[in-house]
Amino acid sequence: MFPLWLQAGFWGLVGGSALLLGSAVGYYAKIPQQAIAAVMAFGAGVLISALSFELMDEAYKRGGFDSTAIGFVGGATVYTAANWFLAYQGAKHRKRSGEQQPSEEEQDGSGLAIAIGALLDGIPESIVIGVSMIEGGVVSWATVAAVFLSNIPEGLSSAAGMKRAGRSTTYIFSVWGGIAIISGIAAILGYALFSHFSAEIIAATTAVAAGAILAMLTDTMIPEAFEQAHDFAGMITVLGFLAAFVLSKL
């Protein structure tokens, strides 16, 4: 049996690898933007369900309302501040599949900002995978599945937008491959660091991730889904929510 920290890293890598898978599809396959938006809406529904029934519920059970509420708002605040700063550096449309992303010629430094923004989006999810193993030593399958299912459309849409902005193949796959590896490292840190803390701190950390994920959904994923599939975005999001809800109850 592998040590738990290594298992946490493996599951974090599994979740992050979906970004690389999605980026490969988005880069090499000619997928209509409406289809990309539909997959994005489904992924948004999956994550909303996961943070509702897995992260927030678990945080409340561990630390009560105070730790959960403070962490939830704190996570959203930190993410929003970082996202606001990166938006002015050229990363505002990093998950858009159309021509919204600026090229390096249009905005110098936007490539680095987009890479950092993509990393910012993925870290909270990966940490939670590691934290989920602290009690009982078993990973939350629903959380891993939700992260994996939501990361595919994130990578797909963003890579399609990067390609339209004229970014190189090396840049695109270096970004997503690097983030997949960092996701595994973040999951290891989530388990190794927070296993030594109190239930209240673990609860607050879980809620921080939930708040950051919800803010990320609203700022980056839902706009892409609505712009191209607005007539059906709500229904597709509901189906994603239901799929993750069923996974959490199995």
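Modeller: Helices here are DSSP runs of H or I with at least four residues, numbered from the N terminus. The model is predicted, so local features need pLDDT of at least 70 and side-chain atom pairs pLDDT 80 or more, while totals for chains, interfaces and linings use all residues. Residues are numbered from 1 along each chain as its sequence is written, and side-chain values use heavy atoms, leaving out hydrogens and water.

A cavity is a set of points on a 1 Å grid, over the protein atoms alone, where a 1.4 Å probe fits but cannot get out. Two cavities reach 30 Å³ or more. The largest cavity holds about 60 Å³, a volume being the space filled by probe spheres set on the points. Its lining (residues with an atom within 4 Å of a point) consists of L47, A50, L51, L55, E125, V128, T143, A146, V147 and I213. Helices α2, α3 and α4 (141-164) each give at least two residues to this lining. The largest share is from α2, with four. By class, the lining has eight nonpolar residues, one polar and one charged. Nonpolar covers Ala, Val, Leu, Ile, Met, Phe, Trp, Tyr, Cys and Pro; charged covers Asp, Glu, Lys and Arg; the others, Gly among them, are polar.

Two of these helices also pack together. Helix α2 spans residues 33-91 and α3 spans 110-131. Their axes (lines fitted to C-alpha atoms over the stretch in contact) lie 10 Å apart, at an angle of about 175 degrees. That makes α2 and α3 roughly antiparallel, the term for angles over 145 degrees. Their contact (heavy atoms within 4.5 Å) includes L47, L55, R62 and Y79 from α2, and I114, L120, E125 and V128 from α3. Twelve of the contact residues are nonpolar, five polar and three charged. L47, L55, E125 and V128 take part in this contact and line the largest cavity.

Now the open space. A pocket is an open set of grid points with protein on both sides within 12 Å along at least five of seven lines. The largest pocket holds about 350 Å³. It has 18 lining residues, with E54, E58, S132, S140 and T143 nearest its centre. T143 lines the largest cavity as well. Helices α2, α3, α4 and α7 (233-249) each supply at least two lining residues. Again α2 gives the largest share, here seven. This lining has six nonpolar, five polar and seven charged residues.

Definitions and conventions: Axes fitted to C-alpha atoms, helices over the stretch in contact; angles between N-to-C directions. Parallel < 35°, antiparallel > 145°, perpendicular 65-115°, else oblique.
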